[in-house]
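Visitor: Could you take me through one chain of this model up close? I'd like to hear how its parts sit together and what they touch.

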Amino acid sequence: MADHTLDAKGLNCPLPILKARKALKEVPADGILEILATDPGSVADFEAFCRQTGNELMEHSVDDSVYRFLIKHTGS
Amino acid sequence: MSSEAEAVSTQIQDAASPAPAAAPETKSMSIIVTKGSLDWAYPPFILATTAAAMGLPVTMFFTFYGLPLLFKKLDLQVTAAGNTAMKMPMMGGHIGLPNLVTAIPGVDAACSVMMKNLIKKKGVASIDDLRDMAVEVDVRMIACQMTLDLFEYSKDDMIDGIEIGGAATYIECATQSDINLFI
């Protein structure tokens with residue numbers, strides 16, 4: 001489903017965001033980036049990141065302490 | 001106002017105030033960086049890289065003890081002296097150091113090693129890495145000329161791509177920034 005997956009598990013703030021920014025560049029417009037993270041702060045941070053950059057946070061879920069985000073590359 | 005008059009007035013306005021280079025909703029940020037210890041190096045670099053990742057043009061102005069953060073080779077240390085809030089997780093609890101103990105040679109070095117180990121263990125980026133990322137995303141970095149003179153530092157010891165400037169350089173940048181932080 002996702003065009004690209006970023007494994008940010010074990011990384012702490014702000015690395016998941018910085019790596020997601022980089023990874024989004026590799027995702028075509030309207031493509032989907034999947035991010036896996038273990039930083040509990042990343043939930044609020046990816047919401048803010050998407051609001052600010054105009055990318056769409058399609059969904060986020062948590063499974064066994066791993067947070068999964070799907071971001072649609074709709075913004076910058 | 002007739003539509004023709006409106007059109008003329010719009011043209012005049014356009015001519016008088018050229019469109020800003022960035023989209024109107026684009027915000028920008030500046031940070032004055034005044035501290036260069038291992039702990040205090042984090043807030044400015046974390047905020048600068050994150051803001052840049054969120055599309056904000058960012059300027060960092062390095063002055064006084066913040067200036068050494070631009071050295072090619074970083075040797076960052078942390079001290080518990082005068083920092084009563086610094087407690088390290090140890091033996092299931094948190095342990096701080098009395099000021100007197102921090103005066104013993106080697107204690108600061110040991111604290112720094114401990115902090116660096118914690119940083120690695122918890123998946124926190126190193127300052128070297130954050131600074132590399134800041135350079136990569138074109139964060140503008142200005143070294144304070146007066147501090148260079150005062151502490152007899154040389155631009156040759158600093159990373160490439162930085163600018164040299166003074167208070168007026170910063171103020172001009174600050175007037176154009178939506179967020180101005182002093183750290």
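Guide: Buried residues account for 33% of the 76 residues in chain A, and keep in mind as we go that this is a predicted model. On overall size, chain A has a radius of gyration of 11 Å, which agrees with the value near 11 Å that a compact globule of 76 residues would have. Its C-alpha trace spans about 30 × 25 × 20 Å along the principal axes. If you take the contacts in chain A with a separation of 6 or more, 54% of them are between residues 24 or more positions apart.

Now the parts list. Chain A has two helices and four strands, and reading along the sequence you get β-α-β-α-β-β. The four strands make an open sheet, in the order E1-E2-E4-E3, with mixed pairing. Out at the edges are strand E1 (4-8) and strand E3 (56-63) of chain A, each pairing on one side only. From one strand to the next, the twist averages 15°.

Let's stay with E3(A) for a moment. E3(A) runs antiparallel to strand E4 (residues 66-72) of chain A, and seven bridges join the two. To find your place in that pairing, look for Glu59(A), which stands opposite Leu70(A) in E4(A). Helix H2 (residues 42-53) of chain A packs on the sheet here, touching E2, E3 and E4 of chain A. The direction of H2(A) makes about 175° with that of E3(A).

Helix H1 (residues 15-25) of chain A lies across E1 and strand E2 (32-37) of chain A, and runs at about 160° to E1(A). H1(A) is mostly covered, with eight of its eleven residues buried. Those buried residues are Leu15(A), Pro16(A), Ile17(A), Leu18(A), Ala20(A), Arg21(A), Ala23(A) and Leu24(A). So what do they pack against? Within chain A, the buried residues of H1(A) pack against E1, E2 and H2. They also pack against two helices of chain B, namely helix H2 (42-53) and helix H5 (127-136).

That takes us over to the neighbouring chain. Twelve residues of chain A are in contact with eleven residues of chain B. On the chain B side, H2(B) supplies the largest share, four residues. Sorted by class, that side has six nonpolar, four polar and one charged residues.

The two chain B helices that H1(A) packs against also meet each other. The axes of H2(B) and H5(B) come within 9 Å and cross at roughly 35°, and the crossing is left-handed. From H2(B), the contact is made by Phe45(B), Ile46(B), Ala48(B), Thr49(B) and Ala52(B). H5(B) brings Ile127(B), Leu130(B), Arg131(B), Met133(B) and Ala134(B).

Leu150(B) counts as exposed because it has 12 other C-beta atoms within 10 Å. Its C-alpha atom is separated by 34 Å from that of Lys120(B), 30 residues apart along the chain.

How values were computed
Residues numbered from 1 in each chain as written. Chains lettered and ligands numbered in written order. Predicted model: local features only at pLDDT ≥ 70, side-chain atom pairs only at ≥ 80, totals over all residues. Pairing = 2+ DSSP bridges. Axes fitted to C-alpha atoms, helices over the stretch in contact; angles between N-to-C directions. Contact = placed C-beta atoms within 7 Å. Buried ≥ 20, exposed ≤ 12 C-beta atoms within 10 Å, placed from the backbone. Nonpolar A, V, L, I, M, F, W, Y, C, P; charged D, E, K, R; others polar. Rg over C-alpha atoms; globule rule 2.2 N^0.38 Å. Left-handed = near helix turned anticlockwise from the far one by under 90°.
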